[in-house]
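Work through the exercises below with the sequence and the model open side by side. Try each task before reading its solution.

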Amino acid sequence: MPILITSYGLQYLDMRYSDFVKILYARHNPNLLPSINREQNLVGQQYSWSSSIFYIGYLVASYPISLGFVKFPLGKYLSVLIFFWGVALTLHAVTNNYASLMALRALLGVFESAISPGFSLMTGMWYTPREHVSRHSIWFAGNAIASIIGTLIAYGLLRYEGTLAQWKLLFLLFGLITVVWSIVTFFYLPDSPQTARFLSASEREFAVLRPYKFQRTTQTKSWDRGQFLEALKDVKSWWFFLFSFVICVPNGGTTSFNTLIINGFGYDKFQTILMGLPASAFQLATVLLSAILSSTIRKSRLINLVFIFLMAMAGILMVKLLPPSDKLSRLAGFWLVMAVSPAFPLMLSLAASNIAGFTKKSTVMAMIFLGYCAGNLAGPQFFISEEAPNYHTAYTTILVCYAITIALVIMFRFYLVWENARRDKEQGVKVDPEEVRRVNISADEDVLQVDQTDKENSIIKTAILQQPGRASSIGRA
């Protein structure tokens, strides 16, 4: 978990604060970083495209990258991609025009596209469904922690007046740190529980069997066409794709325009940056609180999602409708909008718990991040430069997306309840997917090489039902 937290935090710093220094102030606030504005010469919607191009690279790479999850050792594969992302980020320091900036940001999206789905797959390999939401939330909290650190670094850089340009210094700093960190992950991030050097032989076997008692999913070295086609035919897969897209349209805009929005409330450049600190702290608190509630209250992940988006709707209404003079209340509303962060780890934990079969799970993760890219790509385009600093079109779009999201969550809840009832009736036994199941190494190790999807392991034979490890992974709300 410490390795995942640090890596995810670095990814957030690379995306968020490279935008912050290189792009966010360059077009709309040339007085803040004039040297960057002269060098990049961004005009019109080039600002929005400078943010969106990252997600085009991410989008194009999502499916090819997912093939590597099956073909290569997971930990080593992720480490190599982290290395190349660090190199691409460092090279941002030598870009001097719009074309080179766009090319490097597209490459950055390609290399970073493996991180979130890869981490989610790794979480599923190590933890049981009861633990998925807390573990996803733990490493996702790296975002908020990194945001706090990055805010302080950015604040310090605004006061830096050395010979090296501020934006070049930031890219060199974050890029070289990422390159060094990739070497650490290469040697210390295990490919699976079976290869974890910090565990003994018996502990490795036990660690493998814990999640396997619920989902008979084993990392294989071959792509299973049947599992791939099952993923495309599964209603749940398309729900995850659509849900990811809808929640990421607001995310793409608010993340890229975060600083500009706060600056538009009437704060100066130093206040604008410091206002990110309480926002990040609030984000961290909501992620941890959501994890605690979802872990202690059974089958509450979808219910939590509804409350999260109701809170975000109230926030965007405050930003949109309150008068410009009430800048503190509008700022508080924007913090509420940024507090939708727990939605993403909740969604990933739902996918980890409800989808089985390594190829199928890899495919669904690719679908989720295709939706993620498409949403983040579209989001900044609703922030029309002529409407600054009050982006009415964007705020209306965000409000509509949150309403659609709530409807999707409610529909998915009813679908899972129906699917659970149908499955239990078909099997003649009620299965509790969140029960505690004891591991018996001698009895369970023989089936470790079986890799079943959630559809396959829901058709449980009588002999398996009599074992403590009976399992089906469909319909965990």
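Axes are lines fitted to C-alpha atoms, for helices over the stretch in contact, and angles run from 0 to 180 degrees between N-to-C directions. This is a predicted model: local features need pLDDT of at least 70, side-chain atom pairs count only at pLDDT 80 or more, and totals for chains, interfaces and linings use all residues. Residues are numbered from 1 along each chain as its sequence is written, and side-chain values use heavy atoms, with hydrogens and water left out.

**Exercise 1. How do α16 and α20 pack, and at what angle?**

Start with the axes. They lie 9 Å apart, at an angle of about 165°. That makes α16 roughly antiparallel to α20 (angles over 145 degrees count as such). Next, the hand. Last, sort the contact residues by class: 21 are nonpolar, 3 polar and 2 charged. Here Ala, Val, Leu, Ile, Met, Phe, Trp, Tyr, Cys and Pro count as nonpolar, Asp, Glu, Lys and Arg as charged, and the others, Gly among them, as polar.

**Exercise 2. Which residues make the contact of α16 with α17?**

Locate the helices: α16 spans residues 301-321 and α17 spans residues 327-338. Helices are DSSP runs (H or I, at least four residues), numbered from the N terminus. The two axes come within 7 Å and cross at roughly 150°. The pair is therefore roughly antiparallel. The crossing is left-handed. From α16 come M311, A312, G315, I316, M318 and V319. From α17 come S329, R330, A332, G333, F334, L336 and V337. Contact means heavy atoms within 4.5 Å. By class, there are 9 nonpolar, 3 polar and 1 charged residues.

**Exercise 3. At what angle do α4 and α9 cross?**

Take α4 at residues 74-91 and α9 at residues 166-188. Their axes come within 8 Å and cross at roughly 165°. That makes α4 roughly antiparallel to α9. α4 passes α9 in a left-handed crossing. Contact residues include F83 and W85 of α4, and F171 and F174 of α9. The class count for this contact is 12 nonpolar, 7 polar and 1 charged.

**Exercise 4. Which residues touch the most other members of the largest nonpolar core?**

First, the rule. A nonpolar core is a set of buried Ala, Val, Leu, Ile, Met, Phe, Trp, Tyr and Cys residues joined through side-chain atoms within 4.5 Å. The largest one has 110 residues. F240, F243, L305, F309, F344 and I368 touch the most other members. Helix α20 (residues 392-427) gives the most to this core, with 11 residues. Now take I368. Not counting residues up to four places away in sequence, I368 touches F240, S244, M347, L348 and A351.

**Exercise 5. Is S280 buried or exposed?**

S280 is found in helix α15. Its relative accessibility is 3%, so S280 counts as buried. The cut-offs: buried is under 20% relative accessible area, exposed over 50%, partly exposed in between (1.4 Å probe, protein chains only). Leaving aside neighbours within four places in sequence, S280 is in contact with A144, S147 and I148. S280 and M338 are 58 residues apart in sequence, yet 8.5 Å apart in space, C-alpha to C-alpha.

**Exercise 6. Where is K299, and what is its phi?**

K299 sits in the loop between α15 (276-296) and α16. Phi of K299 is near 55°, a positive value in a residue other than glycine. Most residues other than glycine have a negative phi. At 32% relative accessibility, K299 counts as partly exposed.

Note on methods
Helix = DSSP H or I, 4+ residues; strand = E, 2+ residues; numbered from the N terminus. Parallel < 35°, antiparallel > 145°, perpendicular 65-115°, else oblique. Left-handed = near helix turned anticlockwise from the far one by under 90°.
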